[in-house]
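Grab a pencil and work through the exercises below. Try each task yourself before you read the solution.

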Amino acid sequence: RYLLSLTTHLNKHFDFTAFDEVFFNGQDHQLDFDHNRSGANISYKHHQSFTIDLGYFLSIKNNQTRSNVINIMFNKIL
């Protein structure tokens, strides 16, 4: 699994993240491509314990099937 991501702070409330993640299966000392995920998201931090993330990613499995996903996540730290 290899992950490359870039996060930039837009202001005190918003962050932007872009990423690309590649997965390989290893058998008999050989690495075979399994799937790739690429995407981006915007995070809104209301305060330290509450954030909202809105993102999109594209998943490609074995160079054959593609999935498009839109995520909305709410995070509350207790």
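**Exercise 1. Find out how much of the chain is buried, and how its overall form compares with a compact globule.**

Start with burial: 22% of the 78 residues in the chain are buried, where buried means under 20% relative accessible area, exposed over 50%, and partly exposed in between (1.4 Å probe, protein chains only). Before going on, note that this is a predicted model, where local features need pLDDT of at least 70, side-chain atom pairs count only at pLDDT 80 or more, and totals for chains, interfaces and linings use all residues. Residues are numbered from 1 along each chain as its sequence is written, and side-chain values use heavy atoms, with hydrogens and water left out.

Next, take the radius of gyration (over C-alpha atoms; the globule rule is 2.2 Å times the number of residues to the power 0.38). The chain has 16 Å, while a compact globule of 78 residues would have a value near 12 Å. Last, the box: along the principal axes, the C-alpha atoms fill roughly 50 × 25 × 25 Å.

**Exercise 2. List the elements of the chain in order.**

Read from the N terminus, that gives β-β-β-β-β.

**Exercise 3. Describe the surroundings of Ser59.**

Then check its cover: Ser59 has a relative accessible area of 6%, so it is buried. Now look for partners, skipping neighbours within four places in sequence: Ser59 is in contact (heavy atoms within 4.5 Å) with His35, Asn36, Arg37, Thr65, Arg66 and Ser67.

**Exercise 4. Classify two aromatic pairs.**

The whole structure holds 3 aromatic pairs; rings of Phe, Tyr and Trp (its six-membered ring) pair if their centres lie within 6.5 Å, with planes under 30 degrees apart stacked, over 60 edge-to-face and the rest tilted.

Take Tyr2 and Phe24: their ring centres are 5.9 Å apart and the planes stand at 75°, so this pair is edge-to-face. Because Tyr2 is in strand S1 (residues 2–9) and Phe24 in strand S2 (residues 14–27), the pair ties together parts 22 residues apart in sequence. Tyr2 is exposed at 52% relative accessibility, whereas Phe24 is partly exposed at 34%.

Now try Phe14 and Tyr44: with 5.1 Å centre to centre and 50° between the planes, this pair is tilted. Phe14 belongs to strand S2 and Tyr44 to strand S3 (residues 30–47), so parts 30 residues apart in sequence are tied together.

Key. Helix = DSSP H or I, 4+ residues; strand = E, 2+ residues; numbered from the N terminus.
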